[in-house]
Amino acid sequence: MEAILTDCVRNSLRHFMYKNAIFLCERLCAEFPSEINLQLLAACYLQNNQGYSAYHILKGTQMAQSRYMFAVSCFQMDLLNEAEAALCPANEPNAEIPNGAAGHYLLGLIYRYTDRRKTAIHHFKLALGIDPLLWAAYEELCTLDAADEATTVFGEVAALSIQKQYLDHVSSSPNLHTSSEDRNLVTSQNFSSEDISPRQLKNMQSNNLRDVPSNYHGASVLSGGATQPLNGGTSNVPFYNTPSPMASQLSGVAPPPPCRNVQPNGPNLNTLNADSSPKSILNSTLQAPRRKFVDEGKLRKISGRLFADSGPRRSTRLAGDAGANINAGATTVAGNGVNNSSKYLGGSKPSSVSLRSVTLRKGQSWSNENIEEGMRNEAFDDSRASISSTTSGSLPSGDTRSLEQDGETIPICGVALSGSRVMTGASEILGLLRILGEGYRLSCKYRCQDALDVYLKLPHKHYSTGWVLSQVGKAYFELVDYLEADRAFSLAHRVSPYSLEGMDIYSTVLYHLKEDMKLSYLAQELISTDRLASQSWCAMGNCYSLQKDHETALKNFQRAVQLNSRFAYAHTLCGHEYVALEDFENGLRSYQSALRIDARHYNSWYGLGMIFLRQEKFEFAEHHFHRAFLINPRSSVIMSYLGAALHALKRSEEALMMMERAILADKKNPLPMYEKAHILMSLEKFDEALEVLEELKEYAPHESSVYALMGKIYKQRNMHEKAMLHFGIALDLKPSATDVALIKAAIEKLLVPDEIEDNL
């Protein structure tokens, strides 16, 4: 009875019938109470997004796998102290971390979110040492700016580690015979391998091996002992991935109703049938999304400056008019332009990548289109994928034979492969991870152009995936090349309409470009795809913020924080809205919350600097801008405001040097040129200031503040006619109401000497 109930529960989990699995597992635990069965019941609840139930079931259990699953449920409930205590019991200081690489990875996340950076880095590196293919650990190291070069991490040492891992697997296996029942678990339908052609098997595997990103608020981790059979044998189902909702296609079909979990193409039972080694883990639940993109706000009022600020939001330009110029194709402020960047996305037209994504059949996997393009390392043998059996016994523990020895076979996902084939596959995987890892590492260091060059080395079938295109879009976003970022994100969304990776940043790109219609459509589409995802509400908040409805925007960003309290970018966006509403106290709290989650989230350092700058606390402003500059030393916007803070502290020479660096970093950004002219004017270097402003007029011909500053310079030089001319041009360019009042006041005092004006 126990064996039958256990098998029924596992079968229900394999088919995502969680309610049935929970019911049967409760009967199992009532009839046969044991910790192993409690693990299975907790696994059912974790799969059903009920981590709180697993928490109560496993509280007080002692087995290693029970402690790991309890820690996972604690992590989901944000009970980090209890999670740490479960993985590292106080009464057993030398106890081994359960589940090997997965346990160290989870512990690293716990230390990261409790502000113990060095210890977190140590555990992430331990996790990578145990399992070189644990990509999520390398991502976290990149986020913490502690990752070694990918060529080192995924090099020869990693290959030897994988070789040893599979050799140990062979040595520990009593026999490598695979029964016909096991073969049924390999395929995703109940028919034997003789009924399927190799092409069908390849298609199934290509379709199922794609990562399906989980919700940030309910995916779970299961591993090892949670599903161990009672006889102590190897489990066929070591862990399960909680599926994410399927996105509505970009077609005339109405989007599906909101739901928590819908699996688009069915699970990958090759993954479900993986070995039950402790390394198994579902990473997407445990890692908080990292997004740190600077709020590149419009020109702000610095102490003594003529013009008031219109909001610290995300633009690097002097006025909103610049964004319209970008869309109209005018020369000005599109960032780095498109001449040198179109090569990354296949020319000036969305040709090679986008054309294929447009022609996809509805619901079909992108990877299926590339089956015949270099699928060199199939998981099935060419001989009709027949699963060979062997009668070789366990190897002696001291056997050091290589996997490449002739005749050696290793069972992987129920398929027996030769040792040389395993090593070839491992080498190809590591080669791919070296490119992806190096690109991601450079992106986290904000060496975005270098990262783009690295991603170009990827094969087309990998470059054309949603994750890579999203990373390309983020790199262009950091380079302030919003047009190319829009193009990359648009392709990513077409390739993977079900994925929310980078969509929060995509919405900010559309905010900068003032594409209100596209932004509104994107927000509605994301909400219909997954209304319980933080990215969806960030897009909705950006949509309202673009319409200047800051109160509604703030509510949407607060909803994003509520859904995922570890989403640093959502906290930062809340801070931007508080500042727009002149609520500086809550703005400070929001930025500080983002920094508690991610100390390298430089937007929040920038946001804090902007608040202190507006409050004329220039020393604090300089400190926070400098911290942002240390994290991202290539941002022209951060350099500009750091220079403004230095100038306010009477450190004009340092300020001028910083402005020069900002101009070199982005020659099409008018902000540092304007600030440089302002500093030169304060130093009474009027000719140099006018020369800079004349050049600036070429980049921002419709910016009223440029003409107003020129008018002020001419007034100080007693050239009243030219001053009046430039003040008039500034008014004709329709500045904001605040700027209009300041310009009119300057005109009224045009004939008043500066000494008398200062006394007034």
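Is Arg-116 buried, partly exposed or exposed, and what is its relative accessibility? Arg-116 counts as partly exposed, at 28% relative accessibility. The notes below concern a predicted model.

1. Overall make-up. The protein has 760 residues, and 56% of them are buried. Its secondary structure consists of 38 helices and two strands. Among contacts with a separation of 6 or more, 63% are between residues 24 or more positions apart.

2. The Glu-84 to Arg-116 pair. Glu-84 and Arg-116 form a salt bridge, with the closest N and O atoms 2.7 Å apart. The two residues are 32 residues apart and link distant parts of the chain: Glu-84 is in helix H6 (residues 80-87), and Arg-116 is in the loop between helix H7 (100-113) and helix H8 (117-130). Glu-84 is buried, with a relative accessible area of 16%, while Arg-116 is partly exposed.

3. Other salt bridges. The count for the model is 17 salt bridges. One of them joins the side chains of Asp-486 and Lys-518, at 3.0 Å from N to O. This pair also links distant parts of the chain, with Asp-486 in helix H22 (residues 482-495) and Lys-518 in helix H24 (residues 516-529), 32 residues apart. Asp-486 is buried at 10% relative accessibility, whereas Lys-518 is partly exposed at 34%. A further salt bridge is formed by Arg-651 and Glu-654, with an N to O distance of 3.0 Å. Here Arg-651 is partly exposed, with a relative accessible area of 31%, and Glu-654 is partly exposed, with 39%.

4. Cysteines. The structure holds zero disulfides. Cys-29 is in no disulfide either; its nearest cysteine sulfur, that of Cys-25, is 4.5 Å away. Cys-25 is buried, at 0% relative accessible area, and Cys-29 is buried at 12%.

5. Helix H2. Both Cys-25 and Cys-29 are among the buried residues of H2, which also include Tyr-18, Ala-21, Ile-22, Leu-24 and Leu-28. Helix H1 (2-14) and helix H3 (35-47) are part of what covers them. The 14 residues of H2 (residues 18-31) should span 20 Å, and the end C-alpha atoms are 20 Å apart, in agreement.

6. Helix H34. The buried residues of H34 are Phe-686, Ala-689, Leu-690, Val-692, Leu-693 and Leu-696. They cover an arc of only 160 degrees around the axis, so they are on the same side of H34. An α-helix has 3.6 residues a turn, so residues three or four places apart point the same way. On the other side of H34, Asp-687, Glu-691 and Glu-698 are exposed. The buried residues pack against helix H33 (670-682) and helix H35 (704-716).

7. His-647. This residue is found in helix H31 (residues 636-648) and is buried, at 15% relative accessibility. Apart from neighbours within four places in sequence, His-647 is in contact with Ser-652, Ala-655, His-678, Ile-679 and Ser-682.

8. Ala-64. Ala-64 lies in helix H5 (residues 64-76) and is partly exposed, at 37% relative accessibility. Ala-64 and Ala-86 are 22 residues apart in sequence, with their C-alpha atoms 9.0 Å apart in space.

Terms used:
Residues numbered from 1 in each chain as written. Predicted model: local features only at pLDDT ≥ 70, side-chain atom pairs only at ≥ 80, totals over all residues. Heavy atoms only, no water. Helix = DSSP H or I, 4+ residues; strand = E, 2+ residues; numbered from the N terminus. Buried < 20%, exposed > 50% of the residue type's maximum accessible area, 1.4 Å probe, protein only. Contact = heavy atoms within 4.5 Å. Disulfide = S-S within 2.5 Å. Arc of directions from axis to C-beta. Expected span 1.5 Å × (residues − 1). Salt bridge = Lys/Arg side-chain N within 4 Å of Asp/Glu carboxyl O.
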